[in-house]
Every structure is written in C-alpha cells, then in structure tokens.
Amino acid sequence: MLTAAKKNFIEFMMAADVLRFGDFTTKSGRKTPYFVNTGNYRTGLQNSKLGEFYAALIKETLGSDFDAMFGPAYKGIPLATSTAGALARLYNIDKPFFFNRKEAKDHGEGGSIVGYKPQNGDRIIIIEDVITAGTAIRETMPVLQGCADVRVTDMFISVNRCEVGTTPGKTAVMEVGEEFGIRVHSLISVQDIHEYLKEQGGYEQILPLMEAYMQQYCVL
C-alpha cells in the first residue's frame, strides 16, 4: 500500500536525484530502467532527513531492542551515522554505530572496524541502501562475524527491489533471510515506486520498461 510516508520518501529521493530513471546497470550486471544511488545525497539537510526516515522505521520495528548499528563501507557509513543521530535526537534512543574499512589499517590501532567495538552477544542491525542480488550482504557478514560472537537480526534498506537472487523464485531478500536469519525491512519497494509513477502520470515511457523489468527479474 502506498502510504503518505512512502510517497514522501519517494519524492525525497527523486528531489535528491537518488531515484533516477533511464538506462542503468546494477552491481549484479542487470540492465534496469530505474536506479537508486544513495551516493547522490550530498547536503547536510538531505543526510539529516534521510536519517529521520530510517530512524522512524527502526523505532516502529524494533524500538530500542538492539545494541549497535553497522554501516557497510562505503554507502552504509553515512546512512548509519545519520540514522544514529536521528534515533537519539527524535526518540532518545542513543545507540552506538560502527563501520568497516575496505582495507585494514596497518598503523595506529590497526584493524578494519571503525567506531564501536562489538561484544559477544550483541544484537547488531545493518543499515544499507538496497539489496539487488545479495552480493554486498555476503561480503558484510564475514566482517561482522569476525568482530565477535554477535547476532545480526535485522537489516534496514531504502528500497526493496524484490529481485530474484541466485535461487529461482526467491528474491535476494528472501535468500538473506534464509541464509543468515536476517529480517530485511525497507522504506519502500519497487511496487511502491511503480504505483507512485502510475498515480502521478507523465511516466508513460518508463512504466512499460519498468513492468518488463519487474516481470523478468522480480518476485512480487
């Protein structure tokens, strides 16, 4: 269902040139008529507002029932930091956050983790932008499991593209749930974007391309 909150987030992404329409190639190599690039958030106000969208979903879903937030390098880093700030500012949920380096630091304190140092038994949530084929999460989990004996229970993303993963008939989100026991929560889904464009009008060229893509790659 396309709620007012979802409409607000779609319009926020479009205004920031984060949700774009055209001819793109995803990390998994698929040609797509729409693309979500959170790297295009580039102002303080955008970053602050984005964190508020994520924080509202976390508050609604988990409340304060977690120990720390992890933002995978690179795009997850500003997402986790802005979300942590919004949770503390708006809901008085003050939780630590941490992220990883792509390459381990070989001087100073060393290591690949920056920020909070996870402890055994910690319940960790991941803050990410999108899941397309599940590639990034499979790179992330060894990093987290190498920190401590943590539980990674939930993941929060901007957009659920609802795309099939490596198993026919299952989305990457479904696979992540089965493989790692992680519940994935999204601010919006590809169906929400499609419904929004239909409601707004003026997207007659994009809609058929989007529908063909969804028919080929999505599990709805």
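Here are some numbered notes on this structure, which is a predicted model.

1. **Overall build.** Let's start with the whole chain. The protein holds 7 helices and 9 strands. Its radius of gyration is 17 Å, close to the 17 Å that the globule rule gives for 220 residues, so the protein is as compact as a globular protein of that length. The C-alpha trace spans about 55 × 40 × 30 Å along its principal axes.

2. Of the 220 residues, 50% are buried. The accessible surface amounts to about 10500 Å², and carbon and sulfur atoms supply 49% of that area. If you look at contacts with a separation of 6 or more, 72% of them link residues 24 or more positions apart.

3. **The largest nonpolar core.** In soluble globular proteins, nonpolar side chains tend to be buried together. Here the largest nonpolar core has 45 residues, and the members that touch the most others are Phe-9, Met-13, Ile-127 and Ile-193. There is also a second, separate core of 19 residues, with Ile-113, Ile-124, Ile-137 and Val-173 among them.

4. **Ile-193 and helix α6.** What does Ile-193 touch, leaving aside its neighbours within four places in sequence? Its contacts are Ile-10, Leu-19, Phe-21, Tyr-34, Val-159, Ile-188 and Met-210. Ile-193 belongs to helix α6 (residues 190–200), where Val-190, Asp-192, His-194, Tyr-196 and Leu-197 are buried as well. Just after α6 comes Gly-201, with a positive phi of about 80°.

5. **Helix α4.** Ile-137, named above as a member of the second core, is one of the buried residues of helix α4 (residues 135–145).

6. **Cysteines.** How many disulfides does the structure hold? The count is 0. Cys-218 is in no disulfide, and the nearest cysteine sulfur, that of Cys-162, is 6.1 Å away. Cys-218 has a relative accessible area of 12% and is therefore buried. Cys-162 counts as buried too, at 7% relative accessibility. Cys-147, at 27% relative accessibility, counts as partly exposed.

7. **Backbone features to inspect.** A cis peptide bond joins Ala-73 and Tyr-74, with omega about 0°. Tyr-74 sits in the loop between β3 (68–71) and α3. Asn-92 has a phi near 55°, a positive value in a residue other than glycine. Its place is the loop between α3 and β4 (97–105), and with a relative accessible area of 69% Asn-92 is exposed. Cys-162 also has a positive phi, near 60°, and again the residue is not a glycine. Cys-162 lies in the loop between β8 (151–160) and α5 (172–180).

8. **Thr-81 in helix α3.** Thr-81 is part of helix α3 (residues 76–91). Is Thr-81 buried or partly exposed? At 28% relative accessibility, Thr-81 counts as partly exposed. From Thr-81 to Ala-16 the separation is 65 residues in sequence and 19 Å in space, C-alpha to C-alpha.

9. **Gly-121 and its loop.** Gly-121 is in the loop between β5 (111–115) and β6 (123–127). Its relative accessible area of 43% makes Gly-121 partly exposed. Beyond residues up to four places away in sequence, Gly-121 touches Asp-67, Asp-149 and Arg-151. The C-alpha atoms of Gly-121 and Ser-28 are separated by 33 Å, and these two residues are 93 residues apart along the chain.

Key: Residues numbered from 1 in each chain as written. Predicted model: local features only at pLDDT ≥ 70, side-chain atom pairs only at ≥ 80, totals over all residues. Heavy atoms only, no water. Core = buried A, V, L, I, M, F, W, Y, C linked by side-chain atoms within 4.5 Å. Buried < 20%, exposed > 50% of the residue type's maximum accessible area, 1.4 Å probe, protein only. Contact = heavy atoms within 4.5 Å. Helix = DSSP H or I, 4+ residues; strand = E, 2+ residues; numbered from the N terminus. Disulfide = S-S within 2.5 Å. Rg over C-alpha atoms; globule rule 2.2 N^0.38 Å. Areas by Shrake-Rupley, 256 points an atom, 1.4 Å probe, with all protein chains shown as cover.
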